[in-house]
Amino acid sequence: MGTLRRLVIFVLAASVLLAGCESLKSSKAIIPMKEYEKMIAGRLDANYVGTTTCLSACHFHDGIKRDFDASTMGIQLSKQSGMPLVDCESCHGPGSLAVEGLTPEKVAEDAKEGRQTACDYKTLIDIRNLPAQAKSLICLKCHTANATFNLHNWNAGPHSVNDVSCSDCHSIHKGSDLTVRLDDMEGMCESCHQDVKVQFSLPSHHPIHEKKVFCVSCHDPHGTTTEKMLRKDTVKETCSQCHAEKEGPFVFEHAELMEDCRTCHSPHGSVNNNLLNLQPPFLCLQCHSGHRTSFASSAESKGAFYTRCTDCHSQIHGSDLPSPAGRRRFTQ
Ligand code: HEC
Ligand code: HEC
Ligand code: HEC
Ligand code: HEC
Ligand code: HEC
Ligand code: HEC
Ligand code: HEC
Ligand code: HEC
Ligand code: HEC
């Protein structure tokens, strides 16, 4: 192929790509979605009028607007940013009918008589009573999996499937922070997961209430390809994020057990020390028989049946050193 031809192809390809980017960057309305929203509102004759028109007549929603303007969706979105603009109607649907006849004069008149003017909000999308999936769709029209990476697995995730929607966790109008703040997270998750709350109150527990670990340290609430929405592919990898020293590989492994920490540990909390499913020796006696040994030096324990297994088998997660007898005993 001649250099010239190659160059022509390159320029063509580049301009197609650039044109594509350009159209993504403009903040044009997504036409089919807007029509769809009119259908949800049940009024095809409604139109988009813009936030200014929506809010010019009365000041009832000034607080909401102030918070929203200060949020990520508000503040970052100058026309130049190239991201889709978000305004009240992006979520609430076309507003022309709601503000029809809502003039500053009418508002003033109502105020004189001590009345609060309300817009005809029944003509907007009834967000609260939408099915959860449809509610989420309002967000997903912009937060596509491509734009928001961790939403890749949303649709198949247990939350989506069980009718939890975005706004169950993200409060849109409670302030300017739309993300879930780490401080609020535990309470938010536990409001639905009461049983989990109980587990984190057991005597041995991951320090969730102490705010040293968070639900999202181990789970991605938007859905994952793994079981229980774990952040990593396996339980072991999830735990190894923080407990790397237990990861191995060790020269002397505790068989295949270490592949799943849940064999011995309850990840949230337990009545037993060290988050153990059962208190040793019972934990160990599920799979081993106990033993006596002549190895002990103190007279009183000589020949005794040993119950504090990890006093001696202290490297229970695996060890690189053989026991003094030259075998893997996890004693050092
Ligand atoms: C990102 C989507 C989104 C945007 C943008 C948005 N809202 Fe909302 N709004 C919601 C959701 C979702 C609810 C329902 C909240 C709930 O379930 O409690 C809601 C509820 C409301 C309510 C009822 C509040 C209540 O407490 O009963 C008002 C009023 C409101 N929005 C006004 C506005 C105004 C004014 C704007 C523009 C400044 C706006 N919204 C922009 C999503 C949005
Ligand atoms: C019209 C498009 C649009 C709609 C509809 C929309 N968003 Fe957004 N949202 C954005 C843009 C753009 C940003 C800012 C850029 C970014 O952080 O990705 C943003 C930011 C956010 C953030 C903050 C991200 C951060 O890192 O601070 C959250 C959380 C969020 N949106 C949740 C929602 C929820 C929940 C809904 C539905 C109730 C929703 N959005 C509806 C466009 C939209
Ligand atoms: C079960 C609760 C829950 C649901 C449901 C949920 N989120 Fe989130 N979301 C969170 C939490 C918690 C965080 C912040 C912590 C994190 O993941 O790092 C977050 C973070 C985000 C962020 C910031 C992204 C980032 O990169 O950190 C965006 C945007 C967002 N969510 C959008 C959505 C949208 C859109 C939906 C619905 C399709 C949704 N979320 C549903 C809990 C939820
Ligand atoms: C240290 C990591 C970790 C933290 C922190 C954590 N989880 Fe988990 N969670 C897990 C693991 C691992 C499982 C799987 C347990 C199993 O299969 O027995 C799980 C299972 C679950 C389940 C499924 C319950 C079941 O019995 O199958 C829910 C719901 C859950 N977690 C919610 C939460 C919530 C809510 C928080 C925060 C308050 C949280 N988790 C914090 C690791 C964690
Ligand atoms: C609005 C209620 C609600 C909120 C808030 C909520 N969840 Fe859930 N969650 C559910 C429902 C419903 C299910 C599915 C049924 C079940 O397993 O209990 C579920 C399931 C789960 C599962 C189990 C998944 C599986 O495969 O079994 C985990 C893990 C989980 N949620 C974590 C969280 C975390 C972490 C948060 C906070 C960021 C959270 N949830 C917030 C309602 C909620
Ligand atoms: C985000 C970091 C993080 C992750 C991920 C994590 N842990 Fe922890 N783990 C901690 C912290 C912090 C402590 C408390 C240490 C302390 O208090 O000294 C702890 C303590 C423990 C303890 C001792 C509890 C006690 O009562 O002393 C065990 C056992 C444990 N984790 C097992 C696990 C297992 C199993 C997993 C995977 C399901 C896991 N951890 C995932 C941070 C983490
Ligand atoms: C065969 C059972 C077993 C398995 C499997 C197991 N543990 Fe443990 N783990 C224990 C026992 C027993 C203790 C208490 C040790 C002691 O008493 O000295 C413990 C203690 C811990 C501790 C707290 C004490 C310390 O040494 O820091 C952490 C953290 C821990 N395990 C993490 C893990 C992780 C991560 C996995 C998975 C990779 C795992 N464990 C798998 C039995 C097990
Ligand atoms: C779920 C079953 C299970 C549990 C629980 C368990 N183990 Fe094991 N353990 C095994 C298996 C399987 C092996 C490998 C045996 C083999 O290869 O001969 C092993 C190996 C060992 C060995 C090395 C044996 C040898 O022949 O070198 C010791 C020591 C040991 N375990 C101690 C413990 C102690 C102490 C506990 C309790 C903290 C415990 N195990 C809990 C299944 C278990
Ligand atoms: C006083 C220290 C001590 C205590 C306590 C102890 N062990 Fe051992 N254990 C040893 C020593 C040392 C060996 C190696 C003996 C040898 O190599 O001849 C051993 C060997 C083993 C073996 C492998 C040998 C075999 O029988 O096949 C297993 C399995 C085992 N212990 C399990 C346990 C369990 C389960 C407990 C708790 C009920 C426990 N041990 C308590 C010191 C102890």
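Let's start at ligand 5. A polar side-chain atom of His193 sits 2.8 Å from a nitrogen atom of this ligand. Polar contact here means a pair of N or O atoms within 3.5 Å; within protein, one must be able to donate a hydrogen and the other to accept it, and residues adjacent in sequence count only if both atoms are side-chain atoms.

Ground rules. This is a predicted model, with local features needing pLDDT of at least 70, side-chain atom pairs counting only at pLDDT 80 or more, and totals for chains, interfaces and linings using all residues. Residues are numbered from 1 along each chain as written, chains are lettered from A and ligands numbered from 1 in written order, and side-chain values use heavy atoms, without hydrogens and water.

Back to ligand 5. His159 also has a side-chain N or O atom 2.8 Å from a ligand nitrogen. The shell holds 15 residues, among them Asn162, Cys189 and Cys192; a residue is near if one of its heavy atoms lies within 4 Å. Helix 9 (158–161), helix 10 and helix 11 each give two or more residues to that shell. Helix 11 gives the largest share, three residues. Helices are DSSP runs (H or I, at least four residues; strands are E, at least two), numbered from the N terminus.

Now the iron of ligand 5. His159 and His193 coordinate it through NE2, at 2.0 Å. Donors are N, O and S atoms within 2.8 Å of the metal (3.2 Å for Na, K and Ca); water is not among the atoms, so sites may look incomplete. Six donor atoms, angles of 89 to 179°: octahedral. That label needs opposite donors over 155 degrees apart and all others between 65 and 115. His159 lies in helix 9 and His193 in the loop between helix 11 and helix 12, so the pair ties together parts 34 residues apart in sequence. His193 is partly exposed, at 37% relative accessible area. Buried is under 20%, exposed over 50%, partly exposed in between (1.4 Å probe, protein chains only).

Next, ligand 1. Which residues are the protein donors of its iron atom? His92 and His173, both by NE2, at 1.9 Å. His92 is in helix 6 (88–92) and His173 in the loop between helix 10 (166–169) and helix 11 (182–192), so this pair links parts 81 residues apart in sequence. His92 is partly exposed at 29%; His173 is partly exposed at 40%.

Last, helix 11. Met185, Glu186 and Glu190 are buried there.

Key
Four donors count as tetrahedral if all angles lie between 85 and 135 degrees; four count as square planar and six as octahedral if opposite donors are over 155 degrees apart and all others between 65 and 115; anything else is irregular.
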